[in-house]
Structures are given as structure tokens and as C-alpha cells.
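Colleague: Please take me through this model. I shall ask as we go.

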Amino acid sequence: PDFVTGVSFPNVKFVKILSRNMIAYRICERKNGKLHTLFHALNGTRELPMNEWLTADIKEVCDGSRKTSKMYTSGFHVLRDIDDCRKFVKKFRRERDLVLVECEVTGIRDKAHSTSNVLVTDKIKLTRVVEKLHFT
């Protein structure tokens, strides 16, 4: 596929491309009215602009320790639908201002080893905040 041309990931055995373009949902943290990633920065900042196509830093990564975690190709983490986001947010322990954001995505694929319905995408455009998410 064109989104990984010229990039080699020797530890990734299989990547299933789900769709070239689709609507997906992302959990973001809201700080001072701006959307932020939950964990990793993009180009030195966790702030994510609305209505602008963003390209992930594509590389081979793992969640947690390399000793216990499987490798996968990085990208923006999204979920297929609103209900998946509402279920996923219950995994968080620290209360913070989290919102559900509708996104346009391209280059989307399964996050193969994930126990949730998490997908990974190469490009994302945050289009609208759908709702505030609740932990309980």
C-alpha cells in the first residue's frame, strides 16, 4: 500500500487494511478548549488541530515493555464506533476531561494484538466533538 512505501517493519507479520477512507472515533483530552492526544506527542506537541489532515509518524513500536509487548506499526489510535469509545474510556483510572471526537481517517488497519476494538490509522482529520465522556 502507498502509505508504507519504502518502509520496512521486519517484526510485523501481518497488516490487514480495513479501508482507505472512513469515519472513526478518537478519545481526546480537552485542555483550555483545545484537543490533545492522550499519550504521545505529534511533532513535539500533544495538541491536535480540528479540520486539518494530520499524518502519523509511522514506525515500529510496542505498548509498554519490549519484553512483554508485541510490535506493531504506529499511527493514530481510533475506534470504529461511539459505543466502543464509551466502553474503552472505562479503562482509564484518572479522571480528566475526555471527549469523543468524530474523525475522517485513511490508511486504517487493525491493531493486531489489541484486546479492544482499537484501529490504527496513518492520516486523521478531527471533524467534530461529539460528546464529553464519563468514567462511570
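Colleague: Which residues are linked in a network of salt bridges?

Modeller: Glu29, Arg46 and Arg96 are linked in such a network. A salt bridge here is a side-chain nitrogen of Lys or Arg within 4 Å of a carboxyl oxygen of Asp or Glu. Please note that this is a predicted model, in which local features need pLDDT of at least 70, side-chain atom pairs count only at pLDDT 80 or more, and totals for chains, interfaces and linings use all residues. Residues are numbered from 1 along each chain as its sequence is written, and side-chain values use heavy atoms, with hydrogens and water left out.

Colleague: What is the N to O distance between Glu29 and Arg96?

Modeller: The salt bridge between these two side chains has an N to O distance of 3.2 Å. Glu29 belongs to strand 1 and Arg96 to the loop between helix 1 (82-88) and strand 8 (98-110), so the pair links distant parts of the chain, 67 residues apart. Helices (H or I, at least four residues) and strands (E, at least two) are DSSP runs, numbered from the N terminus.

Colleague: Are Glu29 and Arg96 buried or exposed?

Modeller: Both Glu29 and Arg96 are buried. Buried means under 20% relative accessible area, exposed over 50%, and partly exposed in between, with a 1.4 Å probe and protein chains only.

Colleague: How many salt bridges does the structure hold?

Modeller: The structure holds nine. One of them joins Glu131 and Arg86, with the closest N and O atoms 2.7 Å apart. Glu131 is in strand 9 (residues 118-132) and Arg86 in helix 1, so this pair ties together parts that are 45 residues apart in sequence. Glu131 is partly exposed at 23% relative accessibility, and Arg86 is also partly exposed, at 34%.

Colleague: And what is the N to O distance for Glu104 and Lys125?

Modeller: Their side chains meet in a salt bridge at 3.7 Å. Glu104 lies in strand 8 and Lys125 in strand 9, 21 residues apart, and the pair links distant parts of the chain. Glu104 is partly exposed, with a relative accessible area of 29%, whereas Lys125 is buried at 19%.

Colleague: Then what lies 2.8 Å from a polar atom of the Arg26 side chain?

Modeller: That is the backbone oxygen of His77. Arg26 itself lies in strand 1. Beyond its neighbours within four places in sequence, Arg26 is in contact (heavy atoms within 4.5 Å) with residues including Phe76, His77, Val78, Cys85 and Ile124.

Colleague: Which residues does Val101 touch?

Modeller: Not counting residues up to four places away in sequence, Val101 touches Ala24, Tyr25, Arg26, Cys28, Leu35, Leu126, Arg128, Val129 and Val130.

Colleague: In what order do the elements run from the N terminus on?

Modeller: The order is β-β-β-β-β-β-β-α-β-β, with one helix and nine strands in the protein chain. Of its 136 residues, 42% are buried. Among contacts with a separation of 6 or more, 68% are between residues 24 or more positions apart.

Colleague: Finally, the backbone: what is the phi of Asn32?

Modeller: Asn32 has a positive phi of about 50° although it is not a glycine. Asn32 is placed in the loop between strand 1 (17-31) and strand 2 (34-36), and is exposed at 82% relative accessible area. Asn51 also has a positive phi, about 55°, and is not a glycine. Asn51 sits in the loop between strand 3 (47-48) and strand 4 (54-55) and counts as exposed at 52%.

Definitions and conventions. Polar contact = N/O pair within 3.5 Å; in protein donor to acceptor, adjacent residues only side chain to side chain.
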